[in-house]
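User: Please take a close look at the side-chain pairs and the helix packing in this model. I would like one connected account, with the cut-offs stated as they come up.

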Amino acid sequence: QRRSLIQRKHTILRLGRYMIQYKWLLLLAFVMTVGSNLLALVGPMLSGYAIDAIEPGIGKVDFSRVFHYAGWMAAFYVISSVLSYALSVLMITISRKVVYRMRKDVFDKMALPAGYYDLHQTGDIISRISYDIDTVNESLSSDLIQILTTVITVAGALYMMVVISPRLVLVFAFTVPLSACITKFVTGRTRPLFRARSASLGNLNGFVEEMVTGQKTLRAYCQEEHVIQKFAVKNKEAVETYYRAEYYGSMVGPMVNFINNLSLSLISVFGALLYLAGYMTVGRISSFVLYSRKFSGPINEAANIMSDLQSALAAAERVFALMDEI
């Protein structure tokens, strides 16, 4: 377990060295992420102000206040969406540059001793250069920015909820630790599964490449049926490892989502009690509910992308292992 943790940290640091070469683009991405998420966090508060401008009874709606807050909400959300779109384009550009350098570094290592190619299948090497690096690319272009978004949104939403009603925030003292424990428990058991998935796919590609290259020899010795049987075994192994990794990796999202829905139910109940006691207005309850969704939503999304991160780290380990060959 300790060795696996050290290896994972080493892999993350090596990926970081690739990304730090584009530090100014990363700084711009960070600024755009902060701006986009902070603008989106203003919306629920303005929504609460607009709702409080509507009082019970005929003709008691202050339309000027409603339209004022609604207009600012629309403006903030539009600017946030534009920044989010530009951020996606920027992260794709950064990940493309990183992957280009990784592939170049791997290809430069291809001048290895002949003994290495005797012990390792060509298909497995090709799988590392193509599939594994593509997996890293997908993670860099989406998962990293998603994690940063999660941190900013969760921190901002928590601050706003404390400002609105510290009493209601106590609901998360129960649900958040529960979500964290479930996520840690499941991801700790799925990490080896994703590592096995990458390895089994590499073995399958290596076997296919070897058999296709030597098909004339196989036919000359009438080995077609034997090769088909071996392929069926390796294919079944690859399918099973892929299924186990995806199956257990996908368990985190629904479990965390259930806990988030439970927290929303508790907020609705206790919010209604505070309203009846005169501690909160309807608008503030509405704002708190919206912030609670912003608080819980990113946590759920982060749980969903944990499987992608595990897959990307497993793929990066295989790529760096090839680079480290002497």
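Analyst: D134 is partly exposed, at a relative accessible area of 34% (buried is under 20%, exposed over 50%, partly exposed in between, with a 1.4 Å probe and protein chains only). The model is predicted, so local features need pLDDT of at least 70 and side-chain atom pairs pLDDT 80 or more, while totals for chains, interfaces and linings use all residues. Residues are numbered from 1 along each chain as its sequence is written, and side-chain values use heavy atoms, without hydrogens and water.

The partner of D134 is R103: the two form a salt bridge, with their closest N and O atoms 2.7 Å apart (a side-chain nitrogen of Lys or Arg within 4 Å of a carboxyl oxygen of Asp or Glu). D134 belongs to helix α5 (residues 122–164) and R103 to helix α3, so the pair ties together parts 31 residues apart in sequence. Helices here are DSSP runs (H or I, at least four residues), numbered from the N terminus. R103 is also partly exposed, at 27% relative accessibility. The count by this rule is 1 salt bridge.

Helix α3 (residues 63–108) also packs with helix α2 (residues 23–52): their axes come within 8 Å and cross at roughly 160° (axes are lines fitted to C-alpha atoms over the stretch in contact, and angles run from 0 to 180 degrees between N-to-C directions). α2 and α3 are therefore roughly antiparallel (over 145 degrees). Their crossing is left-handed (the near helix is turned anticlockwise from the far one by less than a right angle). The contact of α2 with α3 has 25 nonpolar, 7 polar and 2 charged residues (Ala, Val, Leu, Ile, Met, Phe, Trp, Tyr, Cys and Pro count as nonpolar, Asp, Glu, Lys and Arg as charged, the others as polar).

Across the whole structure there are 5 aromatic pairs (ring centres of Phe, Tyr or Trp, the last by its six-membered ring, within 6.5 Å). One of them is Y18 with F320, stacked at 6.3 Å centre to centre and 15° between the planes (stacked is under 30 degrees, edge-to-face over 60). Y18 lies in helix α1 (residues 2–19) and F320 in helix α11 (residues 282–323), so this pair ties together parts 302 residues apart in sequence. Y18 is buried at 9% relative accessibility, and F320 is buried at 3%.

F172 and F295 form an edge-to-face pair, at 4.7 Å centre to centre and 65° between the planes. This pair links F172 in helix α7 (residues 172–213) to F295 in helix α11, 123 residues apart. F172 is buried at 5% relative accessible area, and F295 is buried at 6%.

Technical notes: Helices (H or I, at least four residues) and strands (E, at least two) are DSSP runs, numbered from the N terminus. Angles under 35 degrees count as roughly parallel, over 145 as roughly antiparallel, 65 to 115 as roughly perpendicular and the rest as oblique.
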